[in-house]
Amino acid sequence: MEIRLLRYFLEIAREGSMTAAAQTLHVSQSALSKQMRELEEGLGKKLFRRGSRSMSLTDEGMLLRRRAEDILDMVDKTEEEFRAMDELRGGDVYLGCAESHLIATVARKIKRFRAAYPLFRYHIISGDRTVVLDRLDRGLLDFGVVVEMPDPERYQYLELPGVDTWGVLMPAGHPLAEKKTVRADDLIGEELICSEQSIEVDIPRWCGKKADRLRFTGTTNLAYNGSVFVREGLGLMLSFEHLIQPCEESGLAFRPLEPRLENRLYLIWKKYQVFSPIAQRFLDEFLKPQPEA
């Protein structure tokens with residue numbers, strides 16, 4: 001299966017039209033149609049539902065689209081790495097990051113790094129642990145930033161300075177906003193929002209068996225989206241402090257948990273990973289002792 005055919009296939013999938021894709025790709029419609037038929041014959045599956053004016057993907061076509069996007073991401077990343085070998089004034093580094101105010105440490109490192117490598121570019125993918133580890137394992141990321149201790153059998157890691165403190169985000173008029181801290185017993189009977197990962201790992205670590213009595217009616221992996229649901233009265237959100245800044249205009253309040261619940265942040269990479277030159281130098285920036293700005 002040629003890389004060129006995958007690019008052609010994705011363009012047709014995006015445009016929903018053989019004619020429009022041919023114009024974008026600067027090839028004839030007949031040649032493009034012939035190559036897609038050959039791709040279908042080679043796979044032994046129909047990839048498109050062909051209408052009079054448009055095309056849509058079959059189930060098999062949707063599967064190929066997901067695989068093709070991953071393959072081409074990897075191809076593009078590899079080509080960028082080889083180009084970077086010729087000139088180390090820059091290059092691309094891909095990071096998958098959890099939501100945390102401690103990401104400021106990474107941002108400061110990048111700012112300092114770009115002063116030395118002005119053509120350096122960074123690409124941030126935000127997501128929970130599952131998203132980050134999946135993309136890291138598939139080679140689509142150089143580094144991950146996660147909030148749980150990584151598996152030392154699979155990853156090397158560096159603990160970043162500082163901690164994230166847990167609390168409850170709530171409407172400012174909620175009765176719990178009158179408290180200085182919130183305990184597990186205070187949350188029994190409330191509708192709660194939290195990330196799936198934290199429901200399984202962090203909340204039991206905080207309140208033990210009482211976690212079974214808490215009612216999680218929604219999950220989210222992005223704090224901002226969760227805060228919108230809190231503002232609309234759909235529940236209280238358990239999350240890190242500093243991700244959402246409560247203020248009078250927002251109508252929200254944040255109260256820390258009692259007993260205190262904290263997480264640390266880790267920069268991780270795959271064991272035995274071979275880095276591009278710019279990614280290796282980026283890692284060296286983290287490994288060398290250096291005072292924070």
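Guide: Let's begin with a term: a salt bridge is a side-chain nitrogen of Lys or Arg within 4 Å of a carboxyl oxygen of Asp or Glu. Before we use it, note that this is a predicted model, where local features need pLDDT of at least 70, side-chain atom pairs count only at pLDDT 80 or more, and totals for chains, interfaces and linings use all residues. Residues are numbered from 1 along each chain as its sequence is written, and side-chain values use heavy atoms, with hydrogens and water left out.

Now look at glutamate 285 and arginine 112, whose side chains meet in a salt bridge, 3.4 Å from N to O. Glutamate 285 belongs to helix α11 and arginine 112 to helix α5 (residues 103-116), so this pair ties together parts that are 173 residues apart in sequence. (Helices are DSSP runs of H or I with at least four residues, strands are runs of E with at least two, and both are numbered from the N terminus.) Glutamate 285 counts as buried at 8% relative accessibility, while arginine 112 is partly exposed at 25%. Here buried means under 20% relative accessible area, exposed means over 50%, and partly exposed is in between, using a 1.4 Å probe and protein chains only.

Next comes glutamate 40, which forms a salt bridge with arginine 50, their closest N and O atoms being 3.2 Å apart. Glutamate 40 is in helix α3 (residues 29-43) and arginine 50 is in strand β1 (residues 48-50), so the two tie together parts 10 residues apart in sequence. Glutamate 40 is buried, at 6%, but arginine 50 is partly exposed, at 41%.

Then there's lysine 210 with aspartate 185, another salt bridge at 3.1 Å, N to O. Lysine 210 is partly exposed at 35%, and aspartate 185 is partly exposed at 45%. Elsewhere, Asp70, Asp134 and Arg138 are linked in a network of salt bridges. A search of the whole structure finds 18 salt bridges.

On to the core. A nonpolar core is a set of buried Ala, Val, Leu, Ile, Met, Phe, Trp, Tyr and Cys residues joined through side-chain atoms within 4.5 Å. The largest one has 44 residues, and Phe143, Leu187 and Phe282 have the most contacts inside it. Helix α11 gives the most to this core, with 5 residues. Leucine 187 touches, among others, Val168, Trp206 and Leu238, leaving aside residues up to four places away in sequence; contact means heavy atoms within 4.5 Å.
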